[in-house]
Amino acid sequence: MKRPWVFILAVCVLGELCGLKSAIAGGAVCIILLLFLIYFLCYKKYNANSSIHSIYKFKFLNYFKLKYNSNFIIILSVVFIFSVLRINIENYIYLNGEYVKHIEDHVKNKSSYAGSFVINGTIDNIDLKGDKLKITMGCIIIHADVYDAKDLKIGNKIRVTGKVKYIQHASNPGEFDSYMYYRALGIRFILTADRMEIIDSGYNRILQYTYSVRRFCVNRLSEVFNKDTSGFCAAAVFGDKSLLDEDRYRLYQKNGIAHLLAVSGLHVGIFGMAVYMFLRKKIKLKFITCAATAGTILVVYSMLTGSPLSVVRAVIMMLTAFIAEILGRTYDLDSAAGIAGFCILMYSPYSLFQAGFLLSFSAVFSIGMVSTPVIKKYNIKNKFLYALVFGILIQLSTLPLITYFFYSFPLYGFIINLIAIPLMSIFLCTSLTALIVYIVCKPLALIIRYIPECIILFYTKLCTWFSKLPCCSVLTGRPSVFQIVIYYILFCCWLYIILYKIPDRIKKNKENIPFKNKIPYIIRYESIFIIRLYDKIRIKLKESGIKIRFILFTGLIIILPAILFKIPSFHTEIHFIDVGQGDGIYIKIGKEDILIDSGSTTNKEFGKYTLKPFLQCMAVKSIERVFITHADIDHTSGILYLLEEDNEISIEHIYLPYPALNDPKYDRIRQAAAGRKIEISYISRGDRVGGFLCISPQTDCGISDTNEQSIVLLYNEGSFKALFTGDAGKLSEEKIMSDEKICDMINNITLLKVGHHGSFTASGEEFINLLNPQVGILSYGAGNRYGHPHKEVVYILKKYNVRTYETALCGEIEVRIYKNRADISTFLKYADD
């Protein structure tokens, strides 16, 4: 390859084949940028014995005499440039396609939103989830019952009738962002099918056959193995998690081996190399035949598993290794990973923002650029020490991403993986053998099955034992981008010290250095104070018999993870969670974590998928106080989840309204609290709990209306005053206004949580006039059946110049009290000024 433009043209053609629609515009810009990159920053270098991708080396890298292979930087630059252009082109096509506009016009038309939507299209993929089918058709995901769609095949043209809606962004910190996930897959809408009919019965035979084989194998697994083993095998071998027990998955995830349940590079590597070595050494085929056969099998296997990102990445890297052997070139891990990343991002550029993509590639690059150089540098040959250092370095390399996406990390994960990963190859081989043998000879398969079942039992016992150890899972919260950058800077500095020797003294002839080499010389050698300090410490440690690299290695393990812990706030924070139709307020005052209600009627899994991730994102392990204003489910469902199903977040004290003392509607809360040994107190007007003053209800157990039982809390901090009203109605407001002392307290407040989600049954004009709030928070779900917020309330708030924020529009709303001033920010960038 003597001409760089040939390489550039080939890349542009590849991009065109992978979906780059604008070959003229996109290709021209890419060529210009890459020519600039290559001719101004690189020089030609070709070596037949080097990596198959070692064609260009960066000039400026030589100034620093880096020992790393610069292929990674070249590939990364190419990937970055093409990804930016690919995203822009993708957005243009994605947002301006006739297919998308047709659906958008229907969704935006409010009169037809609730009605049925009819669309024709071709089935791209079918995925079975229990008794539900998830059908992909263009930019739409269709949810349908298995019975209604039993005759469908991939490639059928169908007419679907149902209700369609947008896939929404996450509206709370910590919440899974469905929009970005499906955006990477090219999906924008969800359609719940009421009726489907086949227009054209023609289908894609290859895709349908692989889907049928996958379903057949998964169904046979249930017959061969017990429930736990079949679920693990279906997930690990075929990428089907429908049989997986959710509690067992949480156990594995908590201990850091959940990656074994996903079809990943580990599985593909084991499978691919096993096939290749079998053909090469046992059957004695030519290496070209072995590579071609193994590569074809891997591609088919990728299709069989549904082609997740980790599998595609591993398959491309394995194919690159086979091509390298065919060409007689050296395989380079980092370059191969860069090529895999390039191909994936050309096809799906938004994969760049997915946790799976980032974790998969960061693990590969940590192997090639961190673990392997360190092990080679210190010539580690002991197998146990080799695996231990390898595991620790990979975990440290990926730790910022793990904490960013999952808010915690398994402290003993590298030890568990040290034991679990070697057994995985045995599990895969024996489970696949048992599955194949089962089709031919069932009795023999039932004997072989005991091996994988014993391995799964061992995994479970191992994780259960480690779960009992202190700090098994360390909760960090979500680190900021600044913390992640600092972490990687320090990590790179540590890696440099470990791998490269710092000179003992400064050369005296630095004045004679040519100007073009002076800047990098200064960067490397001019930090005299640091180098001398390092030398003194090293000499002292050497005299005492302690190696400084051992100190640095152990210090890294202890100090670096501490950087990723959520930085505690020194100011009071109030978070109004977007719960849908309901209320949920989290307050951080000093070291105290407080909840005022948490429930939803529109989000059925609110506690599991919204409240708990939000609290973990905030690094909340224990909630000191929970105020349950009243018993309605739209205020309690999330708290009931924490009490009845979750064991990771503890609650210390629950406060109920005084009228709940003998009210059976609160029995479920009392029983759940008793099971967790949580203290319950009943409060009424005049009671003070921490910084909160209860101003309603009164000590009247005869209040039958649940809404009027609501606890109304006043929080005061300096000149800042906030009133939390629950669902208290106008009757409660009148009782509050009848007390002159309380009226003086609540006059001219800063923040009001508008009562009863903006219903006209609360927020009377006289009450709003008394409060005279600066800011009003409306918590409700978009398109709710109650019509919240009501026009009367909105009119009154506008009349008294109350600046309103609505969770349905703004998502989570954060109020930070700083120097008696309320700084308000919203998770979604929208506010009604």
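User: Which helix gives the largest share of the lining of the largest cavity?

Analyst: In this predicted model, the largest share comes from helix α27, residues 730–737, which gives three residues to that lining. A cavity is a set of points on a 1 Å grid over the protein atoms alone where a 1.4 Å probe fits but cannot get out, and lining residues have an atom within 4 Å of a point. Helices (H or I, at least four residues) and strands (E, at least two) are DSSP runs, numbered from the N terminus.

User: What should I know about the numbering and the model?

Analyst: Residues are numbered from 1 along each chain as its sequence is written, and side-chain values use heavy atoms, with hydrogens and water left out. The model is predicted, with local features needing pLDDT of at least 70 and side-chain atom pairs counting only at pLDDT 80 or more, while totals for chains, interfaces and linings use all residues.

User: OK, and what volume does the largest cavity have?

Analyst: Its volume is about 90 Å³, where a volume is the space filled by probe spheres set on the grid points, which are joined across faces, edges and corners. The structure holds two cavities of 30 Å³ or more.

User: Which residues line the largest cavity?

Analyst: The lining is made of Arg685, Ser696, Pro697, Gln698, Asp700, Ile703, Glu708, Leu731, Ser732 and Lys735. Sorted by class, there are three nonpolar, three polar and four charged residues; Ala, Val, Leu, Ile, Met, Phe, Trp, Tyr, Cys and Pro count as nonpolar, Asp, Glu, Lys and Arg as charged, and the others, Gly among them, as polar.

User: Is the peptide bond from Ser696 to Pro697 cis or trans?

Analyst: The bond from Ser696 to Pro697 is cis, with omega near 5 degrees, and Pro697 sits in the loop between β18 (692–696) and β19 (712–717). Pro697 is also one of the residues that line the largest cavity. A cis peptide bond likewise joins His788 and Pro789, with omega about -5 degrees, and Pro789 belongs to the loop between β22 (775–778) and α30 (791–799).

User: What about the second largest cavity, how much space lies in it?

Analyst: About 70 Å³ of space lies in the second largest cavity. It is lined by 13 residues, and Thr725, Ala728, Glu733, Gly755 and Phe767 lie nearest its centre. Helix α27 gives the most to this lining as well, with three residues, and β21 (751–753) is another element that supplies at least two. By class, the lining divides into six nonpolar, five polar and two charged residues.

User: Switching topic: where is His756, and what is its phi near?

Analyst: His756 is found in the loop between β21 and α29 (765–771), and its phi is near 50 degrees, a positive value in a residue other than glycine. Most residues other than glycine have a negative phi, and most peptide bonds are trans. Cys471, with phi near 55 degrees, also has a positive value, and it lies in the loop between α19 (450–467) and β10 (473–475).

User: Are those two buried or exposed?

Analyst: His756 is buried, because its relative accessible area is 14%, whereas Cys471 counts as exposed because its relative accessibility is 53%. Buried means under 20% relative accessible area, exposed over 50%, and partly exposed in between (1.4 Å probe, protein chains only).

User: Why does Thr807 count as buried, then?

Analyst: Thr807 counts as buried because its relative accessibility is 1%. It lies in helix α31, residues 807–810, and, leaving aside neighbours within four places in sequence, Thr807 is in contact (heavy atoms within 4.5 Å) with Phe576, Ile577, Asp578, Leu778, Ser779, Tyr780 and Ile813.

User: And which residues does His575 touch?

Analyst: Not counting residues up to four places away in sequence, His575 touches Gly584, Ile585, Tyr586, Phe614, Met618, Glu812, Ile813 and Glu814. His575 lies in strand β11, residues 572–576, and is buried, with a relative accessible area of 1%.

User: Last one: in which strand is Tyr166, and is it buried or partly exposed?

Analyst: Tyr166 lies in strand β7, residues 157–166, and at 23% relative accessibility it counts as partly exposed. The C-alpha atoms of Tyr166 and Arg188 are separated by 6.3 Å, while the two residues are 22 residues apart along the chain.

Definitions and conventions
1 Å grid on protein atoms, 1.4 Å probe; cavity = no way out; pocket = protein on both sides within 12 Å on 5 of 7 lines; lining within 4 Å.
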